[in-house]
Amino acid sequence: MIRVAHLASYNINAGDNIASYNIRTRLETIIEDKIQWTSINIIPIHEFRNNIERCKSLFKNISNTNDLLLVGGGGLIEFEHKFETGWKLPFNDEILKLVDIPIVAFGVGLNTFRNRDRVSQLGLYNTKRFIEACNMFSVRNDGSQNLVKNYLNMNSLEVPDPGLIFGFETKRKTNISAGFFQPAWNTGTDIVAGRSLFPENIKKLSNVVEKLNLKIIPHTPKDYKFPGIPIDAFCWTEERFKEIIKYENFMEIFNHYFNFDYGIVMRGHGQLCSVGLNVPAIYFSTQDKVLDFSNNNEFQNYNVDIRESDWDKKLLEKADRLKNDEQYLSEWYEIRNRNMQVYEKSFGNYCEKIKNILQN
């Protein structure tokens, strides 16, 4: 029996759920010993603001009762003044000294938002110390590698976001018709402003959704607050969604991708999971990680940034090209299939390294 404590975000965001789930699924496939998983949910830790004394007690117990501390995936590197550690993860020197088991960070993202800067020297220092304490540390392939270099002056290994690696996918399609919209709404007004989701842009986006007759696939309950979208356009009621977002139920969300031919997506994991599931999509970037993934993975011709002039017309034009331009659709599949070969190999190699840590 191998005991693994898995620190991640659970039960609140479909992208975070699928990232941890896909890691576990692959490790269970390649490791013969049974793995006993202990889920360490970051959300309750944030509720007490990464309090140092409480985190020391928590991680001392985790270290005493497990063989490995696995961190990720998801956007877990994010600077935040309100947390006692100065960043999203509950680690500083005092806490790390109490962890006597190997630590592996798997494809974590360094999250930044336009119009928001909460970097502090404390957050930078503790992030760097965590990276140095890891037996293996890797970031996801959404531009996070460059951000780690720029913020911390550190090199980091890049692996595919686990949300890309499902082990199953939809069939390639030649007729594109039914589409979905995967939105991104935040409670922080500074993030919303950084996404340029001002009333005039919300109206334009609502018109795009209406003209294309898109259904809505949310990834988090916050997406139900997205203004200008009829509530009956969502694939589930908000009450039902709050049930299926739980970790034991959430795969229903991604199985629903199979009911559509294409998507327009805003969230990073809306983008990544559509690629992993082989669903052609247009990537509407209001956050740099979506734009950076597109540029770094050959999908730039399928990206529209909200800062572009006539961005709403470009969304409509590119959606129309997916439907009616055979070459444009075919090129998406070719780019995707070429990349998936690289993703699968890199993801598999990293999992093998974790296996070696656990079995040595």
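Helix α11 gives the largest share of the lining of the largest cavity, four residues. Helices (H or I, at least four residues) and strands (E, at least two) are DSSP runs here, numbered from the N terminus. The model is a predicted one, in which local features need pLDDT of at least 70 and side-chain atom pairs count only at pLDDT 80 or more, while totals for chains, interfaces and linings use all residues. Residues are numbered from 1 along each chain as its sequence is written, and side-chain values use heavy atoms, with hydrogens and water left out.

A search of the whole structure finds one cavity of 30 Å³ or more, and the volume of the largest cavity is about 50 Å³. On a 1 Å grid over the protein atoms alone, a cavity is a set of points where a 1.4 Å probe fits but cannot get out; a pocket is an open set with protein on both sides within 12 Å along at least five of seven lines, and lining residues have an atom within 4 Å of a point. Grid points are joined across faces, edges and corners, and a volume is the space filled by probe spheres set on the points. The residues around the largest cavity are R140, D142, G268, H269, Q271, L272, K289 and F293. Both α11 and α12 (288-296) supply at least two residues of this lining.

Helix α11 also contributes at least two residues to the lining of the largest pocket, as do α1 (14-30), α2 (42-47) and β4 (74-77). This pocket holds about 990 Å³ of space. Its lining counts 36 residues, and I43, E78, K88, N186 and K222 lie nearest its centre. Here the largest share, four residues, comes from α2.

Next comes the sheet. Five strands, in the order β9-β8-β10-β11-β12, form an open sheet with parallel pairing. Its edge strands, β9 (215-216) and β12 (303-305), each pair on one side only. Two strands are taken to pair if DSSP finds at least two bridges between them. Strands β8 (residues 179-182) and β10 (residues 262-265) run parallel and are joined by four bridges, with F180 standing opposite G263 in β10. Helix α11 (residues 268-276) lies across β8, β10 and β11 (281-285), at about 165 degrees to β11. Axes are lines fitted to C-alpha atoms, for helices over the stretch in contact, and angles run from 0 to 180 degrees between N-to-C directions.

S138 sits in strand β6 (residues 136-140) and counts as buried because its relative accessibility is 0%; buried means under 20% relative accessible area, exposed over 50%, and partly exposed in between (1.4 Å probe, protein chains only). A polar atom of the S138 side chain lies 2.9 Å from the backbone nitrogen of G107. Beyond four places in sequence, S138 touches A105, F106, G107, V108, L157, V159 and Y350, where contact means heavy atoms within 4.5 Å.

Y343, in helix α14 (residues 326-359), is buried too, at 4% relative accessibility. Its contacts beyond four places in sequence include V275 and F293. A193 belongs to helix α7 (residues 189-194) and is partly exposed, since its relative accessible area is 25%. Although 79 residues separate A193 from R114 along the chain, their C-alpha atoms are 8.2 Å apart.

Technical notes:
A polar contact is a pair of N or O atoms within 3.5 Å; within protein, one must be able to donate a hydrogen and the other to accept it, and residues adjacent in sequence count only if both atoms are side-chain atoms.
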